[in-house]
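Welcome! Please take a moment to look over the sequence and the 3D view before reading on.

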Amino acid sequence: MRRAYKVLMAVLLLLCLAGTVQAGILAEVEDIFVRSEIGGYVYAGFEQTERPRVRSAELNGTELHIQFNTNLVGHGQKAYTLPVEAAARQVTKQAMAYVIKELFELSPAIDKVLVEVWAPVYIDKYGNVEEHHVGSLSMARSTYRKVNWEMASIDIIAGLFAETWTSVTAQRDPGETARQMLRLAWSGEIEEALQYWHPAVDRNLARVFLEAMAEAAAEQGAYVMLAIIDLVSFDVQPIGYDRFIVTPTFSGEPFDDATRLMVQRYEGKCVMLLPGQAFDAEGIVSEEGIVFWRAADRRDPNIDYRTGTLAMLNKDYETLRAYTSQVVPDVFVAESVAEVPDEEEEPLMPLIKAYAATLKQEVTYIDPFTAVLGEKDKRTAMRWEDGMWKMLPPLGLEVVYEDYEEGLYRVGGGG
């Protein structure tokens with residue numbers, strides 16, 4: 001017991017020292033920015049904001065990793081639209097050019113400085129904004145050694161950075177979005193990684209999943225995982241309803257199933273839907289996945305489907321309108337009611353209504369907001385809106401999804 005206690009204390013001491021080293025690095029990096037010509041806080045136009053330049057700084061082996069908040073270059077500008085404009089890219093490189101020499105001088109052990117560039121980004125057409133990783137800069141010590149620091153101008157130094165910038169295409173690319181999310185998770189940036197998940201997933205469950213990923217990466221060496229993330233390829237398999245199964249591969253070999261992700265295009269960008277253990281190779285969602293989406297807490301979609309169907313058969317426009325998705329226009333609902341024959345014209349109408357009142361179909365969950373009822377070729381989609389399930393006919397599916405037709409034939413299994 002005493003030996004185990006000593007071992008535990010030694011481990012805790014090492015962890016404590018590691019944390020102290022990282023905290024020291026962060027303080028030193030922040031001090032370099034504060035003393036530099038660009039200062040320690042972000043500018044919006046010509047006005048200094050309260051946002052610090054440095055989000056984080058860590059020494060991972062021989063690489064110094066910095067998360068950097070860049071300026072908003074335009075007067076009155078509040079956020080960027082991806083990809084960030086050329087002026088913003090140049091200002092960011094110039095800002096780092098002012099401090100890169102001192103960053104390398106922090107330690108002779110630093111072989112490379114990696115900078116993640118962050119900025120507020122418009123995420124939709126309504127002016128909503130989120131913080132996003134918009135690009136990356138890097139410089140190796142071999143480049144640093146070649147610079148004539150007494151003669152080189154800021155623009156010359158700025159031109160020496162290796163650079164990559166996130167584009168709208170990357171935001172809509174399932175594999176690249178998964179890469180960005182994994183990079184954040186493996187770095188332990190849990191809250192930032194959560195921003196890449198569908199807004200309707202259970203945040204607590206998603207956080208637990210991401211924390212487990214961060215812990216696993218730490219056991220392997222987070223800096224090792226981060227070093228290989230850009231070497232990883234992603235196999236992307238479309239499964240309908242704008243969803244994809246994304247599987248990381250390395251040298252042509254897939255990682256295990258637990259590393260798979262279900263990704264969906266949602267509101268103009270890609271978001272994570274499920275971790276690998278919550279769906280099978282065909283994309284069929286398990287009970288665990290249904291819980292992950294918080295769909296298990298909602299009533300059976302069959303209940304609202306029966307109410308909507310009976311409203312249509314009874315020519316009750318107001319009720320049918322309430323039980324039909326908002327993306328479906330009023331005229332379509334009115335036409336659906338008008339096409340239903342009267343009981344005088346259809347002698348079997350009482351029997352049809354009785355059948356509709358008791359109909360219960362197999363439920364397959366597609367994503368946090370959509371379920372389909374019934375068997376292949378006879379499916380009806382339902383959409384969760386306003387705290388209830390609403391009917392989503394093909395006209396509505398065309399509005400919500402880009403590839404719903406493929407999805408209608410690829411979905412299987414039941415919930």
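## Before we start

Contact means heavy atoms within 4.5 Å. Helices (H or I, at least four residues) and strands (E, at least two) are DSSP runs, numbered from the N terminus. Buried means under 20% relative accessible area and exposed over 50%, with partly exposed in between (1.4 Å probe, protein chains only).

This is a predicted model, where local features need pLDDT of at least 70, side-chain atom pairs count only at pLDDT 80 or more, and totals for chains, interfaces and linings use all residues. Residues are numbered from 1 along each chain as its sequence is written, and side-chain values use heavy atoms, leaving out hydrogens and water.

Let us begin with helix H9, which covers residues 203–220. Ala-206, Phe-209, Leu-210, Met-213, Ala-214 and Ala-217 are buried there. They lie on the same side of H9 because they cover an arc of only 140 degrees around the axis (taken from the directions from the helix axis to the C-beta atoms). Asn-204, Val-208, Glu-215, Ala-218 and Glu-219, on the other side, are exposed.

What do the buried residues of H9 pack against? Their partners include helix H7 (174–186), strand E11 (261–266) and helix H11 (287–292).

## Strands E15 and E16

Now for a pair of strands: E15 (residues 380–385) and E16 are antiparallel, with 5 bridges; two strands pair if DSSP finds at least two bridges between them. Trp-389 in E16 is the bridge partner of Trp-384. The hairpin has 2 residues between the strands, and Asp-386 has a positive phi near 55 degrees.

In E16 (residues 388–392), 5 of 5 residues are buried. Met-388, Lys-390 and Leu-392 point one way, while Trp-389 and Met-391 point the other way.

Terms used:
The expected span of a helix is 1.5 Å times one less than its number of residues.
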